[in-house]
Amino acid sequence: MPTKKPPRSLPLLPLRDVVLFPHMVSQLFVGRERSIAALDAAMSGGKEVMLAAQRSAKVNDPNPDEVYEVGTIGLVRELLRLQDGTVKVLVEGKRRARTRLFQQEEPYFLVEVEELAEIEAGDLEALATMRTLHDTFEQYVKLNKKVPPEAMTSVASIEEPSHLADVIAASLSTLKLADRQDLLETERADRRLEKLFKVLTAEIEILQVEKKIRSRVKKQMERTQKEYYLNEQMQAIQKELGGERDDNRNELVEFGELARTKKLSKEARDRVNRELRKLKQMHPTSAEAAVVRHYLDWVLAMPWGARTEEQSLLAEAERILDEDHHGLVKIKERVLEHLAVQVLTREVSGPVLCLVGPPGVGKTSLAKSIARATARKYVRIALGGVRDEAEIRGHRRTYIGAMPGKIVQSLKKAGTDNPLILLDEIDKMSSDFRGDPASALLEVLDPEQNDAFNDHYLDLDYDLSGVMFVTTANSMSDIPPPLLDRMELIHLSGYTELEKLHIASKYLVPRQRAAAGLGNVDVSISNGAVRAILHHYTRESGVRTLEREIGGVCRKIARQVVKDGGAQGPIAVGAQDIPRYLGVPKYRPGRAEEVDEVGMTNGLSVTSVGGELLPAEVAVLPGKGKLILTGKLGDVMQESAQAAMSYVRSRGAALGLDAEFHTKIDVHVHFPEGGIPKDGPSAGITMATALVSALTKREVRRDVAMTGEITLRGRVLAIGGLKEKLLAAHRAGVTTVVLPKENKKDLADVPRRVLEALRLVLVEHVDDVLREALCLDDPDALLPPAREVTVYEHGEIVEPPSRPPTAAPRGGARGGLGSPAPQR
């Protein structure tokens, strides 16, 4: 009986999915801090460490209960620290041991271990078991190619039962962790040998089944190859005997006929002939033959020079455009110019047209009209949400299920080389790891390159120079600059109320009456009813929602007609009837305030649906000088508010404010409808005016709206979207609009009717904005001398500029700007 050694303390290294047996040398990569600390402690001592497996490999930081008690005392042979912080260690298992006590857990596990004595069996029994295990292990090595033959040689020289069991157990890589741990915990050598014999026997049975399966699969493959060879021989015999052609031969003849009749390019003809020769040599049912047939289908289905005769009469094209769309004079002129150049040069020339505007203004329908006016086939490609370059260029034929891109598919669908292809929502594309479709469109939309467009699937140069490309977008900012540079922008801004009334009466009402089956019913929807829908049920620059609501009215009327058994007489829909058909109004019209307010100023903004009135509110509160900005403002707008506040502080003395006023108050600037993001610098003078009004307790005229960027010196800089902003002011009932003088050039794009309805004041400095907007009895006494401003009234410049009408003041105390305001 072996003597029992006293317990001793050793560092513990928990192992994941590894059980180290005695006499086993293993290389480990250690990365956990606690485990590295245990190795360092072992190296500083006798280089011995307790190696025990974790119960679960998923636990990164195990506690004592999650580590098996029985493990192996190992000797650290080599230790190497790697650059990534991990440690590469070579350990050799020495003796079995059991953990009796965890003496410490930080910075590493220090445990009290007790070595387990090896209990050997009788000589004859052990010898018989060892011989049986030798033979079984030799059979296992022959079947399992993953175990090197040298393992059998090393096992053959072992004479001790315990040593033999440990070496064979270490060689069984397919053994589960629990089974390996069970072998390690078995103290009697003869029991371990028996368990190993059972495990090896089960593994041999599994390996024999796997061998049978491999053999069966190999025979099946040989049979398939034999069938293919015999089929090829049969085809050769049929060809020699002149037998009847099968379906595959008929398909080959059809492909060959198409190749002869199509006006293929030299490159395409050579490719088709080469693919046909390959197809003739393939088995009809092979996967490669299906790929080749699919490719030939696509190549021979392309138009290859087939063209439609284009419209050459500009008068007819103009008639079609006027018939389909009301207004849009500048856009129609640009389209007709484009067509005129085409007629003279007999080819598509110039940049690609890009129609930019808010939803519902008629971009897509205008592209259809252009196709009708030029007698071209119309094909639409929706690019919204496209994020894969292969959608444009196609997939390479090496991929399963490969297809050409949308450009090639559109040409096949049109059946001609000169269709009009609408690239709809080009600003809605995105990119990811699969590529950038916007970059793929650069070649498509460049007239200098698209005469040799190469789709990845066809892998042939195809001439796109005859295609007329028209694109649409809601916003230019989302289009990549290189792509934007290849297109000519045509802006479609929102319609005026008068234009919407005309469109509704001429197009929308008749179309919705017909859609609701009211063609034979005397139904009339008055302009007042349409105006009520515009004000209370729509908020858009276009007419899409307007048409939807008119359709709702028509459907309600149709239901009533069916319910009454037919129309009882003429049905007239007025403004007062709209709530009955459409329910409670959805929107409050963006109207100016009914009274002059302190700290309340009307600004103007541009959104994706057109121009909007953007009121700004300022409240002055006791505080310590904080500027609070709310209303979901973007970075640029917040910086503009800070610039406006800095300007007001710099002019505090002139405005009658205390020199330290800003240290005693908090100023809160708020833009209503806080759920809608707002950004841009054009609200600078709006915020400056509201700040001056709130700080000086002076009212702002309710009939004045303004837009303009502010500088720290009080200059008013130009802004964008002037047309949309003036349309919004006109809709809101504002009578005076203050805007930067630099935007004078943009007034040419504003409808004449809007210019005649508004009084426009073009300024260069914020002092002139305050002079126009604030309710002042004597502006000249309180503000610096007026600078040169330009005033438009009824669409004409007024000389000399007229003064703003005096607004009746409200009661209440006033402060700042020199003197109190009179009472009312």
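Visitor: Is Lys-47 buried, partly exposed or exposed, and what is its relative accessible area?
Guide: Keep in mind that we're looking at a predicted model. Lys-47 sits in the loop between helix H1 (33-44) and strand E3 (48-53). Buried means under 20% and exposed means over 50%. Lys-47 falls in between, so it counts as partly exposed, with a relative accessible area of 36%.

Visitor: Which residues does Lys-47 touch, leaving out those up to four places away in sequence?
Guide: A contact here needs heavy atoms within 4.5 Å. With residues up to four places away set aside, the list for Lys-47 reads Ala-42, Gly-74, Leu-75 and Val-76.

Visitor: And what is the phi of Lys-47?
Guide: Lys-47 belongs to the loop between H1 and E3. It isn't a glycine, yet its phi is positive, at about 65 degrees.

Visitor: Where does Trp-304 lie, and is it buried or exposed?
Guide: Trp-304 is another non-glycine residue with a positive phi, about 45 degrees. Its place is the loop between H9 and helix H10 (314-324). The cut-off for buried is under 20%. Trp-304 has a relative accessible area of 8%, so it is buried.

Visitor: What kind of aromatic pair do Tyr-295 and Tyr-457 make?
Guide: The structure holds three aromatic pairs. For Tyr-295 and Tyr-457, the ring centres are 5.8 Å apart and the planes meet at 55 degrees, so the pair is tilted.

Visitor: Which parts of the chain does that pair tie together, and how many residues apart are they in sequence?
Guide: Both Tyr-295 and Tyr-457 are buried. Tyr-295 lies in helix H9 (residues 287-301), while Tyr-457 is in the loop between strand E10 (453-454) and strand E11 (461-462). The pair therefore links parts whose separation in sequence is 162 residues.

Visitor: Which peptide bond is cis, with omega near 0 degrees?
Guide: Look at the loop between strand E5 (87-104) and strand E6 (109-115), where Pro-107 has its place. The cis bond is the one from Glu-106 to Pro-107.

Visitor: What separates the C-alpha atoms of Ala-128 and Lys-363?
Guide: Ala-128 lies in helix H2 (residues 123-143), and it is partly exposed, with a relative accessible area of 42%. Lys-363 is 235 residues away along the chain. Their C-alpha atoms are separated by 92 Å.

Visitor: What radius of gyration does the chain have, next to that of a compact globule?
Guide: The C-alpha atoms fill a box of roughly 125 × 95 × 60 Å along the principal axes. A compact globule of 824 residues would come out near 28 Å, but the chain has 43 Å.

Visitor: How many helices and strands are there, and what share of the residues is buried?
Guide: The secondary structure comes to 26 helices and 28 strands. Among contacts with a separation of 6 or more, 74% join residues 24 or more positions apart. Of the 824 residues, the buried share is 47%.

Visitor: How far apart are the mean positions of the positive and negative charges?
Guide: The chain exposes about 41600 Å², with carbon and sulfur atoms supplying 52% of it. As for charges, there are 116 positive and 120 negative ones. Their mean positions are 3 Å apart.

Note on methods: Residues numbered from 1 in each chain as written. Predicted model: local features only at pLDDT ≥ 70, side-chain atom pairs only at ≥ 80, totals over all residues. Heavy atoms only, no water. Helix = DSSP H or I, 4+ residues; strand = E, 2+ residues; numbered from the N terminus. Rg over C-alpha atoms; globule rule 2.2 N^0.38 Å. Buried < 20%, exposed > 50% of the residue type's maximum accessible area, 1.4 Å probe, protein only. Areas by Shrake-Rupley, 256 points an atom, 1.4 Å probe, with all protein chains shown as cover. Lys, Arg positive; Asp, Glu negative; His and termini not counted. Charge placed at Lys NZ, Arg CZ, Asp CG, Glu CD. Phe/Tyr/Trp six-rings, centres within 6.5 Å; stacked < 30°, edge-to-face > 60°.
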